[in-house]
Amino acid sequence: MEQWYEVWWPTVDIKSVTTRNRKLSAWTVHVKPKWGKRKLSSITWIQVQDWITNEVKGRATQLKVLELFRHMMLAALRDQRIPLNPAADIQVTAATSRHPDELIPRRASSAPSSASTCPSTTSRSSCSPRRPAPGGASSPACGLRTSTYGKP
C-alpha cells in the first residue's frame, strides 16, 4: 500500500492547504500504520470495515480517513491494480443522538447584559419596569432586562 501511495499521491490535485494537510494527516496517523506494509490485493472488505469501526475513533475522523482510503482504492481499481474496491460500501459509526435539552441555545452566564433575565429569586411577573433602557426598551426594577426577544 505504501508503494501505491507514493505513485498515487503526486497525482492528487488539491488546491487547499488545509485539505492537503488533513489528507496527509489521515495517511500518516491512520492509513499508513495499519495498511502501509500490506499488498493492495490482500486487503479485504471485512478487514476495512473492522478497522473503521473498531480502530478509528470518532465519526468525523472515520469519514475523513475513509474518504482518503476510498480515493486511494478507487484509483488502484481504475489502474487495474486490484479487481475490487475493498473500501466500497464501508459503514461508519452512526452519529450519536443528542438529548433535546442539548439542542437549546445556551444563555450567557456573565454579568447583567442585554441578554440577561431577572434573578431566579424574583419571578418575572414581579419585575416592574422603572426606567427606559438604552434603545427605548424598559428595564425591570431589578435592573436586568427580561428578554432579548421582546417578551416580558
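The side chain of Gln 62 has a polar atom 2.9 Å from the backbone oxygen of Ile 52, and a polar atom of that side chain also sits 2.7 Å from the backbone nitrogen of Thr 93. Polar contacts here are pairs of N or O atoms within 3.5 Å; within protein, one must be able to donate a hydrogen and the other to accept it, and residues adjacent in sequence count only if both atoms are side-chain atoms. This is a predicted model, where local features need pLDDT of at least 70 and side-chain atom pairs count only at pLDDT 80 or more, while totals for chains, interfaces and linings use all residues. Residues are numbered from 1 along each chain as its sequence is written, and side-chain values use heavy atoms, with hydrogens and water left out.

Gln 62 belongs to helix 4 and is buried, at 1% relative accessible area. Buried means under 20% relative accessible area and exposed over 50%, with partly exposed in between (1.4 Å probe, protein chains only). Setting aside residues up to four places away in sequence, Gln 62 touches Ile 52, Thr 53, Val 56, Val 92 and Thr 93, where contact means heavy atoms within 4.5 Å.

Val 65 is also found in helix 4, and it is buried at 2% relative accessible area. Beyond its neighbours within four places in sequence, Val 65 is in contact with Ala 26, His 30, Val 31, Trp 51, Ile 52 and Val 56. Val 65 and Trp 27 are 38 residues apart in sequence, but their C-alpha atoms are 7.6 Å apart in space.

Trp 27 is where helix 2 (residues 17-35) bends by about 40°; the bend at a residue is the angle between axes fitted to the seven residues ending there and the seven starting there. The buried residues of helix 2 are Lys 23, Ala 26, Trp 27, Val 31 and Trp 35, and they pack against helix 1 (2-8), helix 3 (45-54) and helix 4 (59-78).

Zooming out, the protein has 4 helices and 2 strands, in the order α-α-α-α-β-β along the sequence. Helices (H or I, at least four residues) and strands (E, at least two) are DSSP runs, numbered from the N terminus. Of the 152 residues, 28% are buried. Taking contacts between residues at least 6 apart in sequence, 56% join residues at least 24 apart.

The loop between helix 4 and strand 1 (129-132) holds Gln 80, a non-glycine residue with a positive phi of about 60°. Gln 80 counts as exposed, at 72% relative accessibility. Asp 89 is found in the loop between helix 4 and strand 1 too; it is not a glycine either, yet has a positive phi of about 65°, and its 63% relative accessibility makes it exposed.
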